[in-house]
Amino acid sequence: MNIATPQTLSVKRGQTATQTLDISLRSGFHVNSDKPKDEFLIPIKLTWMSGPLAAKQITYPKPEDVKVGEDTLSVFTGKFTIETKFLAPPQAQAGIATMQGKLRYQACDSRSCKRPATVEVKVPVSIQ
Amino acid sequence: MNLLKTGALLFATTSLLLYSCSGSNPVEVKGLAQQTGNLKTAPDFTLKDANGSTVKLSDYRGKVVLLNFWATWCGPCKIEIPWFMEFEQQYRDQGLEVLGIAMDDDGWAAVKPYIAQHKMNYRVVVGDDAVANLYGGIDSLPTTFVINREGKVVDTHVGLIGKDDYITEIKGLLSGANKDAMLRNSGSPAAALLSLGAIR
């Protein structure tokens with residue numbers, strides 16, 4: 001999995017702004033969507049640590065169905081994005097800061113699976 | 001090549017050191033260093049099964065063993081499980097044992113419900129990095145080591161292979177055909193370490 005380095009997110013105090021995480025997978029691989037169809041599968045999950053902005057909503061793309069054996073899986077493949085709507089509280093301090101998050105995922109191809117992984121995500125933010 | 005070999009041995013040694021530092025770990029692992037011909041002895045380990053009974057790989061000497069590293073979240077593993085259940089039923093009397101090593105981070109909390117739901121009829125233990133490292137590091141699941149009656153690894157399968165491929169191997173080993181010369185590996189890190197002697 002490759003995550004493009006996030007660009008600086010500019011947001012005014014009291015307002016929201018949407019940050020886009022651009023992700024790409026190697027050809028042939030998939031990751032489970034945020035809502036896998038099997039209880040044992042590990043969903044992709046983006047979480048944000050507390051910081052100067054508040055993560056109000058995380059939006060995952062529309063998943064696609066992939067058949068593996070007799071099961072139909074809900075997955076993401078190729079290039080996809082996860083969006084986070086951040087709110088800058090009115091009392092937030094103006095300036096440059098960083099929002100830190102973690103992306104947990106589990107990738108497979110048609111023959112094998114990689115063990116679950118968690119990668120750190122850092123988004124530079126400019127609060128005005 | 002010497003550097004690679006040294007690296008592989010250091011890797012294996014580090015694995016054992018890591019293990020020995022983890023005081024709360026109930027897993028007992030030790031690399032058996034016996035080698036006969038081109039085949040390597042499957043590293044021994046002692047783990048607990050779902051009933052809390054001790055499972056020691058070397059106790060399976062005299063049996064043909066399919067040692068299958070898998071996880072509940074692994075789709076291709078799920079495809080193989082009914083095959084292994086069938087093999088266990090069909091070939092057990094002739095000396096086959098299937099042993100699953102679940103690599104779930106959540107351990108029995110995830111594995112026990114899965115075993116029940118899928119009515120798995122063969123023995124399963126929960127593994128960890130220490131055991132995986134003994135087998136060259138398990139980068140992908142499923143990874144299955146085919147072990148002959150002498151406890152030697154005769155084949156390593158990384159990823160899903162055909163059911164018939166397993167049947168051919170099982171029948172050959174159970175019938176005593178000389179498969180020992182067939183050390184077919186599939187280019188995995190585990191296979192590379194195997195060939196370098198990290199698994200001896």
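This is a predicted model: local features need pLDDT of at least 70, side-chain atom pairs count only at pLDDT 80 or more; totals for chains, interfaces and linings use all residues.

Tutor: The C-alpha trace of chain A spans about 55 × 20 × 20 Å along its principal axes. Of its 128 residues, 27% count as buried. Among the contacts in chain A between residues at least 6 apart in sequence, 72% join residues at least 24 apart.

Let's see how these strands are arranged. One open sheet of chain A has 4 strands in the order 1-3-9-6, with antiparallel pairing. Its edges are strand 1 (2-3) and strand 6 (54-59) of chain A; each has a single partner strand, so one side of each is left without a neighbour in the sheet. Strand 1 of chain A runs antiparallel to strand 3 (residues 16-24) of chain A, and 2 bridges join them. If you want a residue to start from, look at A:N2, which stands opposite A:S24 in strand 3 of chain A.

Another open sheet of chain A has 4 strands in the order 2-13-10-5, this time with mixed pairing. Strand 2 (9-11) and strand 5 (45-48) of chain A are the edge strands, each pairing on one side only. From one strand to the next, the twist averages 30°. Strand 5 of chain A pairs with strand 10 (residues 95-105) of chain A in the antiparallel sense, over 4 bridges. In that strand 10, A:L103 is the bridge partner of A:L46.

Now for the part I'd like you to look at closely: the contact between the chains, and helix 2 of chain B in particular. Chain A gives 15 residues to the contact and chain B gives 17. On the side of chain B that touches chain A, the elements giving two or more residues are helix 2 (75-91), helix 3 (108-118) and strand 9 (140-141) of chain B. Helix 2 of chain B gives the most to this side, with 4 residues. By type, the residues on this side of chain B divide into 11 nonpolar, 4 polar and 2 charged.

The contact also includes strand pairing from one chain to the other. Strand 12 (residues 113-114) of chain A and strand 9 of chain B pair in the antiparallel sense, over 2 bridges. You can find this pairing at A:C113, whose bridge partner in strand 9 of chain B is B:L141.

Along the way, the helix bends by about 25° at B:I81, with a proline, B:P82, following within four residues. B:I81 is also one of the buried residues of helix 2 of chain B.

To set the helix in its chain: chain B has 6 helices and 11 strands. Of its 200 residues, 42% count as buried. Contacts between residues 24 or more positions apart account for 73% of those in chain B with a separation of 6 or more.

Strand 4 (residues 44-48) of chain B has a covered face, B:F45 and B:L47, and an uncovered one, B:D44, B:T46 and B:K48. With strand 5 (residues 54-56) of chain B, strand 4 of chain B pairs in the antiparallel sense over 3 bridges. In this pairing B:T46, from the uncovered face, stands opposite B:K56. The two strands form a hairpin with 5 residues between them, and B:G52 in the turn has a positive phi of about 85°.

The other spot is B:L99, in strand 7 (residues 96-102) of chain B. It counts as buried because it has 22 C-beta neighbours inside 10 Å. Leaving aside neighbours within four places in sequence, B:L99 is in contact with B:V65, B:L67 and B:R123. B:V125 lies 26 residues from B:L99 along the chain, yet their C-alpha atoms are separated by 7.7 Å.

Key:
Residues are numbered from 1 along each chain as its sequence is written. Chains are lettered from A and ligands numbered from 1 in the order in which they are written. Two residues are in contact if their C-beta atoms, placed from the backbone, lie within 7 Å. Ala, Val, Leu, Ile, Met, Phe, Trp, Tyr, Cys and Pro count as nonpolar, Asp, Glu, Lys and Arg as charged, and the others, Gly among them, as polar. Two strands pair if DSSP finds at least two bridges between them. Axes are lines fitted to C-alpha atoms, for helices over the stretch in contact, and angles run from 0 to 180 degrees between N-to-C directions. A residue is buried if 20 or more other C-beta atoms lie within 10 Å of its own, exposed if 12 or fewer, and partly exposed in between; C-beta atoms are placed from the backbone. The bend at a residue is the angle between axes fitted to the seven residues ending there and the seven starting there.
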